[in-house]
Amino acid sequence: MSAIAVLTNRHAYYLYNAATDMRKSIDGLCGIVINELGKEPNDRDVFIFLNKRGTHIKLLLREADGFTLLYRRLHKGRFVMPFSDAATTALQMSATDLLSMLSGLHLHRLKKIR
């Protein structure tokens, strides 16, 4: 399965708004989803986690037959967290926003053309 095939508008995307220890496994990330975000992992939602430095990202997706965990580590540069209210625990994103972020675009600097 290709990572691109997973990242479609069929899912809702939630970027956890705090730094995450990248040593966490699927169970640890599910714990964050349940305890911090107040959600249940399901086949409609993808949960996104960044480390403190922004060099590592994990995506957690529950599928019918188990969990998929996508992990990416950058050798240069950083993933940039989109601007969000510090009071929120998760920022909802679109598939396009996530793909842009994975491609290195800074979402808070982009402006929509009318």
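The largest nonpolar core of this predicted model has 16 residues, a core being a set of buried Ala, Val, Leu, Ile, Met, Phe, Trp, Tyr and Cys residues joined through side-chain atoms within 4.5 Å, with buried meaning under 20% relative accessible area (1.4 Å probe, protein chains only). Tyr13, Ile48, Ile57 and Leu98 have the most contacts inside it. At least two residues come from each of β1, β2, β3 (56-63) and α3 (95-102), where helices (H or I, at least four residues) and strands (E, at least two) are DSSP runs numbered from the N terminus; the largest share, four residues, is that of α3. Apart from this core lies another, of 12 residues, including Met22, Ile32, Phe47 and Leu60.

The structure also holds two aromatic pairs, that is, rings of Phe, Tyr and Trp (its six-membered ring) with centres within 6.5 Å, called stacked if the planes are under 30 degrees apart, edge-to-face if over 60 and tilted otherwise. The ring centres of Tyr14 and Phe47 are 5.7 Å apart and the planes stand at 25 degrees, so this pair is stacked. Because Tyr14 lies in strand β1 (residues 12-16) and Phe47 in strand β2 (residues 45-50), the pair ties together parts 33 residues apart in sequence. Tyr14 is buried at a relative accessible area of 13%, and Phe47 is buried at 1%. Tyr16 and Phe49 form a tilted pair, 5.9 Å centre to centre with 55 degrees between the planes, and both residues are buried.

Residues are numbered from 1 along each chain as its sequence is written. Local features need pLDDT of at least 70, side-chain atom pairs count only at pLDDT 80 or more, and totals for chains, interfaces and linings use all residues, while side-chain values use heavy atoms, leaving out hydrogens and water.

Definitions and conventions. Buried < 20%, exposed > 50% of the residue type's maximum accessible area, 1.4 Å probe, protein only.
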